[in-house]
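Good morning, colleagues. I would ask you to look at the structure on the screen while I describe it chain by chain and contact by contact.

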Amino acid sequence: MYEPITPAGNAVQRANPLVVVCLVLCCLIDGLFIGSKYLLFFFPTSVVVVAVAGNLKRYLALLAAVMLPTATLMFVLQLLANEGGVTYWHWWIIRATELGFDNAIHYTARFVVIGTAVFTLICLVKLSRFTRALEQCGVNPRVTYVLQATVLIIPQMKKRVAVILDAQRARGIETDANLRVRMKALLPVAAPLILSALTSVEERAVSLEARGTTLPGKRTSLLQVNNSTFDKVICIVAVLICGGVIIAVQANWWMP
Amino acid sequence: MNAIEITGLSFSYPLANRPALQEINLSVKPGEWVSVVGANGAGKSTLAQVIRGLVPHFSKGDLSGRVLVNGRDLATLSVGEITADVGYVFQNPFTQLTGVATTVYAELSYGLGNMGVPPVEIRRRVDAMLESTKLTKLAARNPFELSGGQQQRVALAAILVMEQPILVIDEPTSQLDPETTNAMFELLAAAHSAGRTVVLIEHKMEQVAQFSERVIMLHDGRLVLEGTPEQVFTDPQCESYGVRLPESLYLQRALEQRGVLLPDKALSVNNLVMQLVKLGMHPRTAKSEPAQDDVPVIHPERFSTTQPVTPALLEIDRVTFSYPNGVEAIHEVSLNLRAGESVAIIGQNGAGKTTLAKLVNALLRPSSGEVRINGQSTAKWTAAETARRVGYVFQNPDDQIFNKSVYAEVEYAPKRWGLSEAEVRRRVVDALHLTGLTGSQNLNPYDLPLSVRKFVTIASTIALDTDMVIFDEPTAGQDLRGLNRLITILRELAARGKTVITITHDMEFVSQNFSRTVVMTDRQIIADTPTEETFYLNEVLAKAMLDQPAFPELTRNFFSNDIGLSMNALASAVVEQLGR
Amino acid sequence: MASKASVFNLMGLLLIPVGVALDFALGGLALTLKLPIYLDSVGHILAGALGGPVIGAVSGFLGVMTNSAFSADAVVWAFQGAAIGLVVGLLAWAGLFKGWPKIVLSTVIIIVLSTALSAIISYAVYGGFDGYGISAIRAALVKTGMPLELAIILTAFVAELIDKTLSVVLPIIVIGLMSERLLYKFPMGSLLHNPQSNAAPQDEPTVVAPPTAGYGAYGDK
């Protein structure tokens, strides 16, 4: 009722998350070998796929907020730090040269390829479906637990920091003022946070036992991820193509 | 075949030099409700964990004796395998959430998935459980965003849905307000009616007396009393083992001391009322209810007629507070306290009590209005500066504790304040003595039970010797010794002229220890009166959804509110009426 | 029955999400307190120290990788996190966190490793300019004539020195503040035990005189 067993929607939205991960990883690995021109294929393709999945807004937001600033900084630094060949532009001791430009394109493209792959995965794959797919393949449920819990517990821990900060302020521990004072506030806030986090480890382990996490036998779930032969075939084909491309590029049969 | 059969059980934790349990023998029949009572540290939780198999598998340590659950010897089973037979719920709502469920629905399904229940059956059971626990409206919410009380209901539901025949529940209501406490007991009662065996550890003796078929008492790891609730609570040794009695028994005892003798021991206020009626008292009818005051009811001045008039120490002047996201938490609240006053603030969760307290010690800043201490506005002081005037004991001691020993913890803040070594030592020794921690001063606070750690933070605050002290839920999870200790601390602070604000859900504690009570509901103060009037304000109590302490609950059956909270007045009125 | 040594032991496994969450929380704390350091490794270093090499490696990898929401290529740096977590776990297992001389040695090892990995990853993947702020300093140094390799190593070292020292010392201090009983419940607990306890642990406080005038007295009113 609150989580559809198989999500409605198009092929992309219903796809097996493991297949999606496999495909994206293959693209990423190929991208690292092929070089900057790969972006001309990879970037538009991922934008289209994410749009089909209905997550375009989030994807673009991530690109703008996270990738763009870093990529720009990287590009500028690469451009100015490496000198060689024709000088395109200079001011005082800063020169933008042909070598700098080539380097900037090369490395920034690499960064963008990695970032694109990561954001595509974030926008295409739902964590709960991914872990369920793993479980259906036989991965130990404790491992999948760890993956999911890692993400969901982070906001709770951040809330605790605010609570503990207040609690220690209420004892007269200053958290504003100069650097020395602020450094001295580090232990009284970090220590209760860590200690209570560690005691919560024990209590949560007990809770998980109480819910049968260590029960032997197969786990069922309201989530079912379809796992057909078609999916397996796609994965195998993707890996083969990926490998083939790498060999072709390394052996110089293909120089994009 | 018994549901639980324990023979000769003894257990010691690793690194311990005293056994936690000694020679326990216990049989529990299927479908029976057994409550386990005892002072904190007596071994109740350890016993609960033995039944669930967490001891010794999880905790390590030496266990001897035999434990059979549904006929199976626990020594032959893994912890996981016991899941099918025994459900386990404990005090802390937050750590009972798995952390992998983004909705309450998923949280409830998790355990069933582990048990390999087919999806169709999972849906059926979860839907039914949401219905019976009245959680349907919360089904799509993230469990971590719920209140503590709601989380605890979810935790209980997530275990109940697994339909284990035996339920072991360890202090489920210690952190909850009265309304949620009643809801939890209703759920347990329903589970019990459905045929499940219930083993419950609790400090709320009224409910223990009401629901249990059998009560066992632990003391220092031994089983010292066993029987029906009546047998155990009327045993003269009961209190000496550190266990509080149901309040009606205290009322009965006080009435006897003043010449009102009743034939039977009253385990509930209703029973007390019945016996008095049998003796010849005339119960009041609904029609003779006196006219109610209009809400809000504010007249703290009536309290102060016996005190010399001193200027206000704390002035909260028409304060409104809203969070950055626009949600209003306090609306036009005003409150004045004189030096040396001790006031209780009561109200349900979400009424604004803690927010108000945090406005006093400047952890929060008023959106409008002003907070003044000794005439000066707190607006210019940082929270840490205000802390020199207002001490605050947080609800969760683990938010503050981090030192290796109790002594080091209590010493920490005074030392940081730059006081002389001699002065720090004097204050620490005094604070430890007042909180009864002198003998534990070298222990690591995390080796002490949570209820005792609470006293470590209380001691830390006392050592700061501030003019004002705020206690946030000090009574949660406390046993008889802890409650007595709190009473001593409150009296001592009053004697030292400290101004004390106590936020609490324990109405019994409020009615017996505070002469002035402030009731908050829905972001406002709706009553600020002498305590002897507070619990007769029907409108106020209804709006704030508060429980009544036993004394007013008793007197309202026979008298109007002129009795207040005076036992002498009650006893003479009863004697008078019976004499006629 | 789950054996204590099994890597799937719940107490060890749960250190992973806690380690990652602490990475975030303490990193956020450093920002809130406006401290000039990152402090986003404390969590997985703690997880490695208490849980051992495997737990540390996974916690380090996930800890840095989940940061991807804030840093597009965090997945690359995740390998550095994993290596640090792994090495911390190994150091703990070898007993190299017992006693301050050994702790200093371990800290040095971690700083050197961290610097090396930071430099190598930055150079191999990005030619030295990886989009973090220190890259700007690197560029400036290269402009003054310093060889690129030296600039990378130098800036990496300075950045890692303070950060990693604090990130190792903080968990060690907190482990020292922990109760022994709690410490022993973790996989590496017995190997970290640092006997600085004051008195022999007693379990129950000696009986203090019970407080006066008790509960439920309904006294002189």
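How many helices and strands does the secondary structure of chain C come to? The secondary structure of chain C comprises ten helices and zero strands; helices here are DSSP runs of H or I with at least four residues, strands are runs of E with at least two, and both are numbered from the N terminus.

Before I continue, a word on the source of these values. This is a predicted model, in which local features need pLDDT of at least 70 and side-chain atom pairs count only at pLDDT 80 or more, while totals for chains, interfaces and linings use all residues. Residues are numbered from 1 along each chain as its sequence is written, chains are lettered from A and ligands numbered from 1 in the order in which they are written, and side-chain values use heavy atoms, with hydrogens and water left out.

Let me stay with chain C. Along the sequence, its pattern reads α-α-α-α-α-α-α-α-α-α. Of the 221 residues in chain C, 55% are buried, where buried means under 20% relative accessible area, exposed means over 50%, and partly exposed lies in between (1.4 Å probe, protein chains only). Contact, in this talk, means heavy atoms within 4.5 Å. Among contacts in chain C between residues at least 6 apart in sequence, 63% join residues at least 24 apart. The accessible surface of chain C is about 8,700 Å², and 74% of that surface belongs to carbon and sulfur atoms; accessible areas come from the Shrake-Rupley method with a 1.4 Å probe, and for residues only the protein chains shown count as cover.

I turn now to where chain C meets chain A. Here 57 residues of chain C are in contact with 57 residues of chain A. The size of an interface is often given as the accessible area lost when the parts come together. Between them, chain C and chain A bury about 5,000 Å², with 83% of it on carbon and sulfur atoms; buried area is the accessible area (1.4 Å probe) that two parts lose on being put together, summed over both.

Which side chains form the salt bridge between these two chains? They are K185(C) and E202(A), at 2.6 Å from N to O. A salt bridge is a side-chain nitrogen of Lys or Arg within 4 Å of a carboxyl oxygen of Asp or Glu. Across this interface of chain C and chain A the rule finds one salt bridge, together with six residue pairs in polar contact, both residues being at pLDDT 80 or more. A polar contact is a pair of N or O atoms within 3.5 Å; within protein, one must be able to donate a hydrogen and the other to accept it, and residues adjacent in sequence count only if both atoms are side-chain atoms.

Several elements give two or more residues to the side of chain C that touches chain A, among them α2 (15-32), α6 (100-126) and α8 (148-177) of chain C. The largest share, twelve residues, comes from α2(C). By class, this side of chain C has 45 nonpolar, seven polar and five charged residues; Ala, Val, Leu, Ile, Met, Phe, Trp, Tyr, Cys and Pro count as nonpolar, Asp, Glu, Lys and Arg as charged, and the others, Gly among them, as polar.

The next interface joins chain B and chain A. The contact takes 67 residues from chain B and 52 residues from chain A. About 5,200 Å² is buried between chain B and chain A, 59% of it on carbon and sulfur atoms. The count of salt bridges between chain B and chain A is three. In one of them, R211(A) pairs with E107(B), their closest N and O atoms being 2.8 Å apart. The rule also finds 22 residue pairs in polar contact across the interface of chain B and chain A (both at pLDDT 80 or more). Elements giving two or more residues to the side of chain B that touches chain A include α3 (104-114), α5 (148-160) and β17 (390-393) of chain B. The most comes from α3(B), with eight residues. The residues of this side of chain B divide into 36 nonpolar, 20 polar and eleven charged.

Finally, salt bridges in the structure as a whole. R18(B) and D220(B) meet in a salt bridge at 3.2 Å, N to O. This pair links distant parts of the chain, 202 residues apart: R18(B) is in the loop between β1 (4-12) and β2 (21-28) of chain B, and D220(B) is in the loop between β9 (214-219) and β10 (222-227) of chain B.
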